[in-house]
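Thanks for coming, everyone. Please take a moment with the picture before we start.

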Amino acid sequence: LGEERRRFWLAKPEDLLRDWAQAYTYEVNDVRSLYSMLRIPEVEERLATECKRRGIRYGLALFSGASRVAPFARYDRAFAFVDERPEEIAAALELKPVPTGANVYLLRPYDEGVFYGLQEVGGAKVVSDIQLYLDLKSYKGRGEEAAEFLYERRIKPRWNPEPDQITQPEQ
């Protein structure tokens, strides 16, 4: 069979996403809590530059990523998945480990699936909208609201196109 005929479609993608979000938390990753005196946008920019320079796969996550694709809330913490050597990135950016009061979180993923669907936005890599949704949904406070905003603005329109945009799979 050709590649086209091997595709499948989910009958209820929204239900699957909601169930997945209930079972998931970004905290299952190796989370490094760090502090920087720099403004958060500058931390994010330097992180992107440093990861590119070192050839380390990364993706802005949670509010850092969502602010680029569906801005909803002001935020004062940077979040990024870093595939390897997060301690090198932290040292290069002069980030200090702290037990409380962190404003930068480097997450080393337990599963490389977080990098599926990376998108380039504003000169930085951002995790997929689905990953952003899952991470935000598990972040207390404004995270849940930001997740719903992202869902309504970016995810739902792709799953529920206008009737004249629907194409049926080949039989």
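**Cavities and salt bridges**

The largest cavity holds about 50 Å³ of space. This is a predicted model, so to speak of local features we need pLDDT of at least 70, and side-chain atom pairs count only at pLDDT 80 or more, while totals for chains, interfaces and linings use all residues. Residues are numbered from 1 along each chain as its sequence is written, and side-chain values use heavy atoms, with hydrogens and water left out.

What is a cavity here? On a 1 Å grid over the protein atoms alone, it is a set of points where a 1.4 Å probe fits but cannot get out; lining residues have an atom within 4 Å of a point. Points are joined across faces, edges and corners, and the volume is the space filled by probe spheres set on them. There are two cavities of 30 Å³ or more.

Back to the largest cavity. Its lining includes Val43, Leu47, Phe79 and Tyr105. Helix H2 (40-54), strand E3 (78-82) and strand E5 (104-108) each give two or more residues to that lining. Helices (H or I, at least four residues) and strands (E, at least two) are DSSP runs, numbered from the N terminus. By class, the lining has nine nonpolar residues, no polar and one charged. Nonpolar means Ala, Val, Leu, Ile, Met, Phe, Trp, Tyr, Cys and Pro; charged means Asp, Glu, Lys and Arg; the others, Gly among them, are polar.

The second largest cavity has a volume of about 30 Å³. Helix H3 (residues 62-69) gives the most to its lining, three residues. Seven lining residues are nonpolar, one is polar and none is charged.

Now the charges. How many salt bridges are there? The count is 20, taking a side-chain nitrogen of Lys or Arg within 4 Å of a carboxyl oxygen of Asp or Glu.

Arg18 pairs with Glu148, with the closest N and O atoms 2.8 Å apart. That pair links distant parts of the chain, helix H1 (residues 13-23) and helix H6 (residues 142-159), 130 residues apart.

Asp129 and Arg154 also meet, at 2.9 Å, N to O. This pair joins helix H5 (residues 129-137) to helix H6, 25 residues apart. Buried or exposed? Asp129 is buried, at 4% relative accessible area. Arg154, at 24%, is partly exposed. Buried is under 20%, exposed over 50%, partly exposed in between (1.4 Å probe, protein chains only).

Last, a network of salt bridges links Glu50, Arg53, Arg54, Glu84, Arg85 and Glu88. Within it, Arg85 and Glu88 come to 3.1 Å.

Technical notes
1 Å grid on protein atoms, 1.4 Å probe; cavity = no way out; pocket = protein on both sides within 12 Å on 5 of 7 lines; lining within 4 Å.
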